[in-house]
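Open the model in your viewer and keep the selection tool at hand. The tour goes stop by stop, each with something to select.

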Amino acid sequence: MMRLPTFAWRTPRDAGEVVRILAGEGPSAAVLAGGTDLLPNMKRRHQLPATLVSLSRVQGLREVALEGFVRLGAGVTLRALERRADLRQRLPALHHAVTQISTPVLRNMGTLGGNVCLDTRCNYYNQNYEWRRAIHFCLKCEGDTCWTAPSSSICWAVNSSDTVPVLIALDARVHLLGPAGERVLPILDLFGEDGIQYLTKRPDELLTGVEIPDQGTARSTYRKVRRRGAFDFPVAACAVRLRHEGDRVAEARIVLNAVGPRPVLCEEAGALLEGRALDDEAVEAAAQAASRRAKPLDNTDHLAMWRKQVLKVEVRRALEALRG
Amino acid sequence: MGVDRRHGADDGTPTPERRGLLDQLAEGYRVVGASPVRVDALAKVTGETRFADDLSLPRMLHCKLLRSEVAHARLLAVDAAPALALPGVVAVLTGEALPIPFGILPVSQDEHALCRDKVRFVGDPIAAVAACDEDTAFEALKAIRVEYEPLPVLQDPAEALKNEVEPLHDHGDDGNVHKRIAMQFGAVEEGLADADLVLDDLFFFQGNTHLPMEQHAALAVREPDGRLTIWSSTQTPHYLHRALSKVLEMPPSRVRVIACPNGGGFGGKSDPFNHEIVVAKLALMSGRPVKIALTREEVFYCHRGRHPVLMRSRTGFRRDGGITAMHFQTLLDGGAYGSYGVASTYYTGALQTVTYQVPAYRFDGVRCFTNKAPCGPKRGHGTPQPRFGLEVQIDKAAEALGLDPAEMRLAHLQPPHAVTANWLRVGSMGLGACIRQVVEGSGWRQKFRRLPRGRGVGLACASYICGAGLPIYWNAMPHSGVTVQLDRGGGVAVLCGETEIGQGSDTVLAQVVAEILGVDLLDIRLHVADTQLTPVDLGSYSSRVTMMVGHAAFQAAERARAPVARAAARHLGVPADRLRFAERRVFDVQDPERGMAFAEAVGLAEAEGGTIACAGSYTPPATPGRYRGAGVGPSPAYSYTAAVVEVSVDEETGVVTPEHVWIAHDVGQCIHRLSVIGQVEGSVYMGLGEALMEEMAYRPNRFGVHKIPSMLEYKSPTTKEMPPVTTWLIEDPDPNAPFGAKEVGQGPLLPIMPAVANAVYDAVGVRVDEVPITPDKVLRALAAPDRRVGPKRFPDLRIGEVMRVKTEAEGGDGTAPRPPRAAARPGARA
Amino acid sequence: MSEQAAGPTARRVQATWRVNGESVTVAFRPHRTLLEVLREDLGLTGTKHGCELGECGTCTVLLDGEPVLSCLVLGLECEGREIRTVEGLAGPEGPSDLQRAFAELGAAQCGYCTPGFLLVAEHVLAREPRPTRAQLVEELSGNLCRCTGYLKIYEAVERAAQRRAEGAAAEGRHGG
């Protein structure tokens with residue numbers, strides 16, 4: 001049986017108390033929400049927090065408000081979102097992305113905040129302690145080489161969240177509560193530059209929720225590539241939001257994920273579409289431009305080259321799905 | 001009517017009791033062929049079944065193994081003393097304490113419970129700790145100091161074949177070549193020369209693993225009198241018993257192995273394992289019960305799964321599709337140890353001849369050692385790989401000859417009871433019926449080459465043994481034994497060494513006895529898989545249990561029935577051959593009112609002749625082949641399967657989606673119909689996993705580690721990947737089988753992989769001559785000028801002497817002429 | 001590892017849970033998962049495990065009626081909560097209709113994944129009395145089985161659903 005390491009245990013009652021504990025404990029504390037990401041990592045000894053701060057008794061993190069601005073608490077479970085028919089109607093792409101995460105049972109446990117803050121993944125990293133010892137560990141944890149790209153000075157572990165690309169496409173903003181109060185930032189800015197510093201969130205900050213502006217006439221879609229229809233993280237993913245004015249594209253946001261340490265907003269690809277009709281040529285050009293931004297490496301399931309190839313197909317299919 | 005033959009003759013003359021039994025069975029079966037609730041089902045659905053890791057004993061210690069973090073190295077020093085000094089650690093163990101090697105085959109005793117001189121793959125066990133709990137044991141492993149002297153790492157069998165670096169082992173045929181086989185039956189080159197079409201194809205079958213849901217576990221205890229008892233998730237308690245006795249130097253009579261029900265096996269729990277020997281030794285040392293439960297990663301290191309096999313098939317076809325000759329070559333990547341590998345190597349050639357007529361056949365097979373987890377027997381043991389090559393090649397031949405692949409196969413089937421070129425005696429042969437059924441049921445004629453682009457159907461067939469004709473170690477004793485003991489309350493105790501691994505063997509055993517004694521399944525109490533109490537059964541492997549346990553149970557039950565029938569006959573004044581045993585009664589078939597309760601009849605018999613406890617046993621018939629290597633392939637009977645798979649292929653992504661599987665299996669006769677269907681469906685499932693996604697992947701350039709030793713990254717199909725399956729059972733009882741029942745646990749897996757490959761070709765016109773057929777390969781094939789992805793080279797196997805055996809048609813007698821003296825050692829370098 | 005955390009003298013916390021309808025007070029080490037406490041401290045070994053990392057679904061139990069992976073729930077999080085394991089599915093009359101359907105239709109072969117499937121299925125039927133095949137494919141997709149190919153499992157859940165519906169209809173007729 002894989003066993004957890006030991007830890008100290010805190011059960012704050014509100015978000016302010018969480019932040020005070022985090023500030024007091026420093027980076028050796030970790031927040032425990034659904035546990036589906038953190039606990040396997042602890043069992044494999046890549047994360048060894050001295051203190052676990054449980055969110056299970058924290059009030060006010062599970063609200064879902066769908067009037068005007070959509071506001072989703074970080075502590076709401078993925079399953080609860082999936083069961084919201086109003087979310088499905090209002091934000092079908094986000095709803096679809098949620099239903100694509102892992103498995104129904106894991107969605108019962110995992111939270112939106114957990115999926116947004118999902119640790120970056122790499123098949124040199126998501127391994128047991130004994131296995132990682134055999135490769136002398138890696139840059140992300142205890143070692144000094146990124147085995148995905150040994151000459152690289154940064155970690156190439158992959159952002160594997162399904163909700164993140166959609167939330168970026170939807171122009172969402174995240175609420176972070178810290179000792180000095182709340183800050184709100186565009187979700188794209190939450191993500192750091194490499195697989196280690198993958199979040200700009202400070203250790204003493206708590207993600208409390210996500211807000212999504214009214215989408216007006218814009219329509220969105222999400223496409224996920226993975227080996228199996230359940231369990232698997234994306235190995236390539238894209239989210240697209242399009243707003244038409246007449247038969248022209250007024251705005252296009254194309255977001256890629258699971259092809260590198262950071263989600264990618266493909267501004268140039270989007271710009272290629274703006275002001276144009278969404279004809280085959282435009283779609284192809286945008287898909288081409290977007291896929292150029294993807295730099296998948298050999299550290300997930302499937303061949304890196306295939307992921308890049310298929311990502312282009314998926315961007316094109318996403319755009320085609322949003323035609324008319 | 002061959003009732004007598006069908007049930008095999010007992011040793012006695014046809015007594016009235018025997019005639020009565022045969023008449024009873026001829027009137028129709030009551031239990032056999034039905035689907036009563038499996039005898040183990042209610043315990044399983046209520047959580048009552050005790051798997052090995054569910055056991056615990058007072059004062060029990062927990063064991064963890066320190067495994068090699070280096071793929072190939074000499075062990076210079078192993079110091080476990082610092083671990084022993086830690087609080088909570090009770091005992092430590094290194095290879096020094098267990099110098100005697102073991103291995104499943106007598107010819108490959110190349111494993112040590114803990115490595116002594118060398119480590120041979122990442123995951124090879126080096127030391128063990130027994131501690132008060134698993135947490136303590138895990139932490140204590142970090143205190144063990146190991147000094148390695150790295151050696152070159154070999155992960156490619158073609159490299160290993162060159163013998164350019166220090167061999168992994170000092171046994172084997174030639175350096176890193178563990179086994180080299182070359183045998184020829186009939187005039188192969190002449191046959192190829194006479195052919196209208198000769199296809200020369202290369203195929204590759206990637207390795208994959210069993211992935212049983214239950215991780216291996218074992219619990220050992222030293223009894224107060226010094227004897228040893230071990231409970232383990234093993235498919236082969238008898239072989240574990242032998243290995244423990246050997247390595248621990250204890251008489252077998254003082255070692256007791258109890259196999260718990262296995263939470264899935266598929267061949268992965270058929271070897272004696274390091275961890276079993278280690279906990280036994282630690283229990284003997286500490287005087288306390290010691291348990292080990294492997295992590296999922298460790299299960300990947302136990303492996304013994306499907307060998308990666310590179311194949312070359314040169315086959316000659318006549319214009320009508322008949323095969324003139326075949327030369328089949330295989331190169332097996334054996335991994336770090338022998339395991340069943342010698343047998344696996346033979347199996348990559350042995351069964352190519354039992355489906356279609358192959359008048360002349362040559363087989364060359366080589367198994368190499370590499371620094372990877374050892375390969376061994378996985379469902380289909382050594383035969384799915386060559387079957388893939390054969391069935392895809394036939395599909396290619398049919399196209400080249402302008403024949404329908406189903407019709408072409410039907411026209412050239414091996415006739416029933418034929419002897420093949422390599423001297424296998426085929427029994428009942430229902431493949432024709434299977435093919436006709438799937439062709440009809442799938443709408444083959446409307447679909448083949450007629451579906452819209454991107455959609456296709458593929459057909460493939462297969463055959464599998466119903467138990468190996470020879471045991472793992474040479475002996476003349478029975479392969480299976482059963483004891484039936486009757487009690488005067490009407491209860492029946494059945495003792496047998498067989499092991500339930502999920503396939504339903506307990507139920508088969510109980511049904512056979514119930515059929516003969518006319519009792520309910522609830523009157524039967526099974527005692528199985530306990531080497532101290534139960535007669536030997538060799539284990540749950542090679543699809544042997546229904547055949548061999550079935551025969552032994554039949555004989556034991558018949559022997560127990562006889563005195564009961566005699567006593568009842570006397571008491572009722574009815575001739576014994578008129579007695580029937582049914583509904584827990586013994587009665588006159590001509591006057592069913594005239595009879596008595598089974599329990600009463602047992603009481604009368606017990607009063608007359610004493611306690612009734614009867615044994616039965618089974619030894620397979622002698623095989624016609626008598627050449628070296630003829631021991632692998634023979635079986636009392638062969639099952640047959642045909643399958644049609646329909647797929648859709650996304651030409652932009654290369655993703656292949658199975659849409660429906662139609663499969664017909666010649667099982668001879670069902671014992672438990674629902675379980676037979678369950679085995680077919682489960683085989684289809686596992687075959688689809690092998691065809692499309694499952695893969696033992698390594699990183700040769702990153703210290704030789706296994707790439708993905710986890711449930712998440714080793715891709716096993718979920719509900720989402722499983723298409724609908726339509727199953728038909730062909731029942732043509734085999735005269736060599738109990739009630740005519742043949743195997744079903746393995747055969748139905750075999751046609752799935754080639755059927756998928758053939759369907760992909762039908763859908764988009766590309767040949768992916770290797771499995772798994774992953775999306776990247778389909779895309780590459782679509783872009784390739786020859787529309788093919790697959791191996792492009794086959795190395796020189798450096799075959800020396802080829803053993804030549806005359807076929808039956810050539811007037812041979814099954815033997816090979818003595819080879820000329822002083823022949824060069826095959827493949828040896830000058 | 002400190003001595004306090006492991007071994008017979010390790011510090012334990014005490015908690016009271018409702019397990020299969022009964023109130024249970026149990027002492028366990030604070031870093032233990034629900035899976036470990038059920039199996040090792042409460043002796044409820046009906047809950048199995050296949051990876052302990054959330055990658056197979058084998059250890060599924062119901063926590064306050066929702067399926068969760070007991071390998072990824074801390075024992076500390078279970079105070080006062082309702083836990084249902086396979087041992088709690090059968091009643092005094094014996095196995096439940098769902099369990100019987102699994103037994104009758106061959107949905108359990110090796111039986112190792114069976115407890116997890118049963119609990120998910122029980123939850124599915126509680127929410128959706130007549131699930132479609134497509135719903136079953138989705139809802140059971142987090143539980144791996146290597147024996148059955150899932151088909152017999154679907155059939156068993158469907159049979160239990162049908163029996164419950166017939167039972168409810170019969171009750172309705174008698175009541176009306």
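Helix axes here are lines fitted to C-alpha atoms over the stretch in contact, and the angle between two helices is taken between their N-to-C directions, from 0 to 180 degrees. The model is predicted, and the predictor gives the complex an ipTM of 0.97 and a pTM of 0.97.

**Stop 1: two helices of chain B**

Select residues 673-692 of chain B, which form helix α19, and residues 752-764 of chain B, which form helix α20. Their axes lie 8 Å apart, and the helices pack at an angle of about 55°. Angles from 65 to 115 degrees would count as roughly perpendicular and those under 35 as roughly parallel, so α19(B) is oblique to α20(B). The crossing of the pair is right-handed.

Now show the residues where they meet. On the α19(B) side, pick Val684(B), Gly687(B), Leu688(B), Glu690(B), Ala691(B) and Leu692(B). On the α20(B) side, pick Ile752(B), Met753(B) and Val756(B). By class, this contact has seven nonpolar, one polar and one charged residues.

**Stop 2: the domains of chain B**

Colour chain B by domain: domain 1 is 3-30 + 477-618, domain 2 is 52-151 + 210-302, and domain 3 is 179-209 + 304-470 + 625-789. Between the C-alpha centres of domain 1 of chain B and domain 2 of chain B the distance is 40 Å. Where these two touch, domain 1 of chain B gives 15 residues and domain 2 of chain B gives 16. The domain 1 side of that contact has five nonpolar, seven polar and three charged residues.

**Stop 3: chain B against chain A**

Which elements of chain B give two or more residues to the side that touches chain A? Select α5 (134-141) and α21 (775-783) of chain B. In total, 28 residues of chain B are in contact with 22 residues of chain A. The chain B side divides into twelve nonpolar, three polar and 13 charged residues.

**Stop 4: chain C**

Move to chain C, where the mean pLDDT is 94 and 94% of residues reach 70 or more. Select domain 1 (13-87) and domain 2 (97-171) of chain C; their C-alpha centres lie 22 Å apart. The contact takes 15 residues from domain 1 of chain C and eleven from domain 2 of chain C.

On the domain 1 side, highlight β3 (60-63) and β4 (66-69) of chain C, each of which supplies at least two residues. The largest share, three residues, comes from β3(C). This side divides into six nonpolar, six polar and three charged residues.

Definitions and conventions
Residues numbered from 1 in each chain as written. Chains lettered and ligands numbered in written order. Predicted model: local features only at pLDDT ≥ 70, side-chain atom pairs only at ≥ 80, totals over all residues. pLDDT = per-residue confidence, 0-100. Domains from an automatic or database assignment. Contact = placed C-beta atoms within 7 Å. Nonpolar A, V, L, I, M, F, W, Y, C, P; charged D, E, K, R; others polar. Helix = DSSP H or I, 4+ residues; strand = E, 2+ residues; numbered from the N terminus. Parallel < 35°, antiparallel > 145°, perpendicular 65-115°, else oblique. Left-handed = near helix turned anticlockwise from the far one by under 90°.
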